[in-house]
Amino acid sequence: MTGSQKKTALKAPKGVPDYAPPTSAAFVAVREAITSAARNAGYGHIELPVFEDTALFARGVGESTDVVSKEMYTFADRGGRSVTLRPEGTAGVMRAVIEHGLDRGQLPVKLCYAGPFFRYERPQAGRYRQLQQVGIEAIGVDDPALDAEVIAVADEAFRSLGLTGFRLELTSLGDDECRPAYRERLQDFLGGLDLDEATRERARLNPLRVLDDKRPEVREQLAGAPLMLDHLSDASAEHLATVRAHLDALGVPYEINPRMVRGLDYYTKTTFEFVHDGLGAQSGIGGGGRYDGLMEQLGGQALSGIGFGIGVDRTMLALGAEGIDPAAGGRVDVYGVGLGSAARSALVPVLAGFRRAGLRADMAYGDRGMKGAFKAADRSGAAVTLVVGEEELAAGTVVVKTMATGEQHPVPLDSALDHVRGLLDS
């Protein structure tokens, strides 16, 4: 094949990141930290479809949102049905709960999910068209203590990763009692502003969405806008006060942000966002809130719910801003070096036994030679290297080398596992 005939190397689509070693280890560590915090609070795993009927998101997320009106990947399948790659997780979880009757059992239904979500956005650092999230949902009980638990799970996940530079912002978006009157008040205010036609239409459909406008010329006009926190019903105000009391008792610090508006229509009452100032203008690393009324809107019971979505991509950027590697340590615990084919064959079952015992083990394959094999051992990050040569093979031993100190000594092959465990535990 000539140079002119060479095929161009293919690349991932724009805005779709790959996570390959060694970065993928940090990705897995972040995802596992969040899901582990959820499991510790009793959240069971749910695996969601990657695509759903488009109507689910139009009804559940809200047609006036940017997510639905501008960002969804929607297409007709071969049967002519309109389907959409999932842009968020809550609507899909709610659909699954209704479809499988999970809301007919013990409440609250507590579920955790993880995976890719899809939004056609302008790609930026940590803002991708295929974004990775972990989310939890607690459905069926309207209890401020449950709100505080959901928030505390996220807080614990971030802290378990070593993050310290994040803040929790908290507000309330009211309930059915106070939202209609506030909506009218806000629409009256917005009607007096110099807004473009598209923004006026948004104000007509959902005036709260205008408060989320990032354009400086619009934000300047919004400085005197009425705030939901100043017009809460007694029930919503009491709910927020109780959530705050629970967070205080749990030792979860927070700031009240009266101007917070989340990008989805279904939020009510408790609403929150975790932000990290090390990420610049796009500072959010996760957030969520209560969505009373969403289940009924999707054809289920009139049950309440609360949840969060945490960006794995965004959390990794926050960790990088603080100089934290959540996957510090080696790819494996033990690395085997066999000097010669017979020695390598002897190591294979030994390392298989290490893996069965729960240790991560790898070895140098192929005829690398001693220098190349030991270089591979260094790159693996293993704490211990096992070396078998002709002499060890004849004696039924293995040389155990502690990589941090360089100390090494022979150990019988049949006791290598116990010996290495002792070294790793010390």
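A: The crossing of helices H1 and H5 is right-handed in this predicted model. On the H1 side, the contact is formed by Ala33, Ile34, Ala37 and Ala38, and on the H5 side by Val153, Glu156, Ala157 and Ser160. By residue class, this contact of H1 with H5 comprises six nonpolar residues, one polar residue and one charged residue.

As to geometry, H1 spans residues 23-40 and H5 spans residues 144-160; their axes come within 8 Å and cross at roughly 135 degrees. An angle over 145 degrees would count as roughly antiparallel, and 65 to 115 degrees as roughly perpendicular. H1 and H5 are therefore oblique to each other.

The strand pairing may be described next. Strand E4 (residues 82-85) pairs with strand E2 (residues 51-53) in the antiparallel sense, over three bridges. Within this pairing, Phe51 has Leu85 of E4 as its bridge partner. E4 is also joined to strand E3 (residues 74-76) by three bridges, and these two strands run antiparallel. Here Ala76 stands opposite Ser82 in E4. E3 and E4 form a hairpin with five residues between the strands, and in this hairpin Gly80 takes a positive phi near 80 degrees.

Methods
Residues are numbered from 1 along each chain as its sequence is written. This is a predicted model: local features need pLDDT of at least 70, side-chain atom pairs count only at pLDDT 80 or more; totals for chains, interfaces and linings use all residues. Side-chain values use heavy atoms; hydrogens and water are left out. Axes are lines fitted to C-alpha atoms, for helices over the stretch in contact, and angles run from 0 to 180 degrees between N-to-C directions. Helices (H or I, at least four residues) and strands (E, at least two) are DSSP runs, numbered from the N terminus. Angles under 35 degrees count as roughly parallel, over 145 as roughly antiparallel, 65 to 115 as roughly perpendicular and the rest as oblique. A crossing is left-handed if the near helix is turned anticlockwise from the far one by less than a right angle, and right-handed if clockwise. Contact means heavy atoms within 4.5 Å. Ala, Val, Leu, Ile, Met, Phe, Trp, Tyr, Cys and Pro count as nonpolar, Asp, Glu, Lys and Arg as charged, and the others, Gly among them, as polar. Two strands pair if DSSP finds at least two bridges between them.
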